[in-house]
Amino acid sequence: MELLQLLQAMVELKAPDLILKVGARPTARVRGGLAHLADEEVTRDFALRVVASMLDDRRMEQFVRGTEVDLAYEVAGLARFRVNVFHQIGMPAVVFRYIRAEVPSFADLNL
């Protein structure tokens, strides 16, 4: 399991959220339901690798102190994401929010 593959699957499914929680399979919110994007569970090591790949030293220090961290993350050629990194029951957890490049119209939003 690799982060890039999970993010690609998320974008292909047009899922607004990807949830990485230790002990659970990577999960995307799809059309109001939940879909698992991999058969294997997120391990502590995998979650820590994901966190370390996104945080600079200052933010990593903030996370280690137990504070949640919000950031923007971009994968060139794929998409931009808003990310929340936090601790859940003493384990690292990460939620990605997919930011679409196109701005929806009022009609698309049913406004």
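Me: Which residues have the most contacts inside the largest nonpolar core?
Reply: This is a predicted model, in which local features need pLDDT of at least 70 and side-chain atom pairs count only at pLDDT 80 or more, while totals for chains, interfaces and linings use all residues. Residues are numbered from 1 along each chain as its sequence is written, and side-chain values use heavy atoms, with hydrogens and water left out. A nonpolar core is a set of buried (under 20% relative accessible area, 1.4 Å probe, protein chains only) Ala, Val, Leu, Ile, Met, Phe, Trp, Tyr and Cys residues joined through side-chain atoms within 4.5 Å. The largest one has 30 residues, and those with the most contacts inside it are L20, Y73, F81 and F96.

Me: Leaving aside neighbours within four places in sequence, which residues is L20 in contact with?
Reply: Contact means heavy atoms within 4.5 Å. With neighbours within four places in sequence left aside, the partners of L20 are L3, L6, P26, V42, F46, V50, A93, V94 and F96.

Me: How many aromatic pairs are there?
Reply: Rings of Phe, Tyr and Trp (its six-membered ring) pair if their centres lie within 6.5 Å; planes under 30 degrees apart count as stacked, over 60 as edge-to-face and the rest as tilted. By this rule, the number of aromatic pairs is three.

Me: Is K14 buried or exposed?
Reply: K14 sits in the loop between helix 1 and strand 1, and its phi is positive, near 55 degrees. Most residues other than glycine have a negative phi. Exposed means over 50% relative accessible area, with partly exposed between that and buried. K14 has 54% relative accessibility, so K14 counts as exposed.

Me: Where is R31 found?
Reply: R31 is not a glycine, yet has a positive phi of about 45 degrees. R31 is exposed, with a relative accessible area of 77%. Its place is the loop between strand 2 and strand 3 (33-36).

Note on methods:
Helix = DSSP H or I, 4+ residues; strand = E, 2+ residues; numbered from the N terminus.
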